[in-house]
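Subject: A structure for you to look at

Hello,

I am passing this structure on to you, with some notes on what turned up in it. Please have a look at it first and then read on.

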Amino acid sequence: MQARQGNQKLLKQFNKSKLLNLINHLAPISRTDLVQKTGLSPTTVSSLIEESLLDGTLVETGSVGEGVGRKATLLEINAYGGVVIGVDLSFATELTLLNLRGELLTTERMNELSGEGLSDLPHLLEAFITKHQIERDHIKGIGLSLPGILDEERKKIVFSYNLNVRNYPLFDLVTNAFKVPVHLVNDVNAAAFAEQYSGQAVGCHSLVYTLLSQGVGTGIILRNEIYNTGETGNSILASDFSEEESIFHPLNMYSIHNLSKGIRDRHSKECAHILENDAVIDHFFHRAFVDMEEPFHSEAKRMAHDIVTLLCNYALLLQPEKVLVNGWVAKQDQFFQYMLKVLNELEKTTNVPIQLEKSYWKEKGPSLGAARLALHHIFKEMQFS
């Protein structure tokens, strides 16, 4: 008897998720159209819709039909039926709030959390909720974006260098505090998801997103599925600045810290007076592409070839519709324009078109993507295993 009740409950959840998924994508839509598209009985559709109207997930909006017959009432997701919260823990902690239609309500940057300080995350979220006068029962989900490796179930941080933790139960920490669905995602994957949902890659089913910033990583979406790419620091064939021959360098040599250190090491006199890493990089590329000075110009061109070679390898292997870049590489406009020239030459030999663009959401991508992921799971159609 219990098994039968369990099966009925699962079937109800499955049918409801199918309806909400359709309404989310096709709204405004009538009950009649939902019956036709799902194959469910009118009674089942009516019952589940009424339940969703009562709990505030759906709202009736207008009607459609002509003549003297009964008009069909249209349904759509109730923007005010709840909110989702996205949290990015990459560097400075950033929180994003969306309504149920995915509209951005607010975003706020707070102090960095790492190591033992991660235990303060529930208090930080509580302060954010109180400040914006959000009722607890209106929170429908929380997405957490972070740098590092997650376990297979995406409930624990296996390792994060930036956050200085191993085997950290972040999922349990937040779930126990708020009793809502919680979703963990790697920060570059979250940023890629944000670009696909409402950024530079809307309408694309596949994309590669590469970040070169304080950390380095690549997010991959294929056939609308986020792929776990593991730890950052992939190796690419790169040219040593002291020799003509090619050697293997880790991609993380192009993190802000490592790149600025390399520039300082090679040009100690020119950079001795510059303290900030970002300023070192700005100085280098100004001398390379504005002043056209050597050896700055030649070194910058080699960097462009290295990075474009990696992106082309991804493109040849995965054939994404778009390749997006973010971080310092996107801020250095003249360097990026030179990358496009290099790419144009490589395309002639590969015969594979590669659409390389800058990220739209930039540093806001991870928190927005985490919030979008939480929203996505609310309306994602369940699948029977």
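A word on terms before anything else: helices here are DSSP runs of H or I with at least four residues, strands are runs of E with at least two, and both are numbered from the N terminus. Counted that way, the chain has 13 helices and 18 strands. Please keep in mind that this is a predicted model.

**Overall picture**

The chain has 385 residues, and 49% of them count as buried. Its C-alpha atoms fill a box of roughly 80 × 50 × 40 Å along the principal axes.

**The largest pocket**

Which of them gives the largest share of the lining? That is H13, with 5 residues. By type, the lining divides into 12 nonpolar, 10 polar and 7 charged residues.

**A buried arginine**

Helix H13 also holds arginine 372. This residue is buried but has no salt bridge, and the nearest side chain of opposite charge, that of glutamate 103, is 8.9 Å away. What the side chain of arginine 372 does have is a polar contact with the side chain of serine 198, at 3.1 Å.

**Salt bridges**

Side chains of opposite charge can pair when their charged atoms come close. In this structure there are 14 salt bridges, and three of them are described here.

Let us begin with lysine 16 and glutamate 51, whose closest N and O atoms are 2.9 Å apart. Are the two partners buried or exposed? Lysine 16 has a relative accessible area of 17% and is therefore buried, the cut-off being under 20%. Glutamate 51, at 27%, is partly exposed.

Next come glutamate 60 and arginine 31, which meet in a salt bridge with an N to O distance of 2.8 Å. Glutamate 60 sits in strand E2 (residues 58-64) and arginine 31 in helix H2 (residues 31-38), so the pair ties together parts that are 29 residues apart in sequence. Glutamate 60 counts as partly exposed, at 43% relative accessibility.

Glutamate 108 and lysine 131 also form a salt bridge, at 3.2 Å from N to O. This pair links distant parts of the chain, with glutamate 108 in strand E6 (residues 104-110) and lysine 131 in helix H4 (residues 121-131), 23 residues apart. Glutamate 108 counts as buried at 15% relative accessibility, whereas lysine 131, at 56%, counts as exposed.

There is a network to look for too: salt bridges with shared partners join Lys12, Lys16, Glu51 and Asp55.

**Backbone details**

Some points along the backbone deserve a look as well. The peptide bond from alanine 27 to proline 28 is cis, with omega near 0°. Proline 28 is in the loop between H1 and strand E1 (29-30). Another cis peptide bond runs from glutamate 294 to proline 295, with omega near 5°. Proline 295 is placed in the loop between helix H9 (277-289) and helix H10 (296-318).

The loop between H9 and H10 also contains methionine 292. Its phi is near 55°, a positive value in a residue other than glycine. Methionine 292 counts as partly exposed, with 46% relative accessibility.

Asparagine 164 has a positive phi too, near 60°, and is likewise a residue other than glycine. You will find asparagine 164 in the loop between strand E9 (157-160) and strand E10 (165-168). At 60% relative accessibility, asparagine 164 counts as exposed, because the cut-off for that is over 50%.

Enjoy looking around!

Best wishes

How values were computed:
Residues are numbered from 1 along each chain as its sequence is written. This is a predicted model: local features need pLDDT of at least 70, side-chain atom pairs count only at pLDDT 80 or more; totals for chains, interfaces and linings use all residues. Side-chain values use heavy atoms; hydrogens and water are left out. Ala, Val, Leu, Ile, Met, Phe, Trp, Tyr, Cys and Pro count as nonpolar, Asp, Glu, Lys and Arg as charged, and the others, Gly among them, as polar. Buried means under 20% relative accessible area, exposed over 50%, partly exposed in between (1.4 Å probe, protein chains only). Lys and Arg count as positive and Asp and Glu as negative; His and the chain ends are not counted. A salt bridge is a side-chain nitrogen of Lys or Arg within 4 Å of a carboxyl oxygen of Asp or Glu. A polar contact is a pair of N or O atoms within 3.5 Å; within protein, one must be able to donate a hydrogen and the other to accept it, and residues adjacent in sequence count only if both atoms are side-chain atoms.
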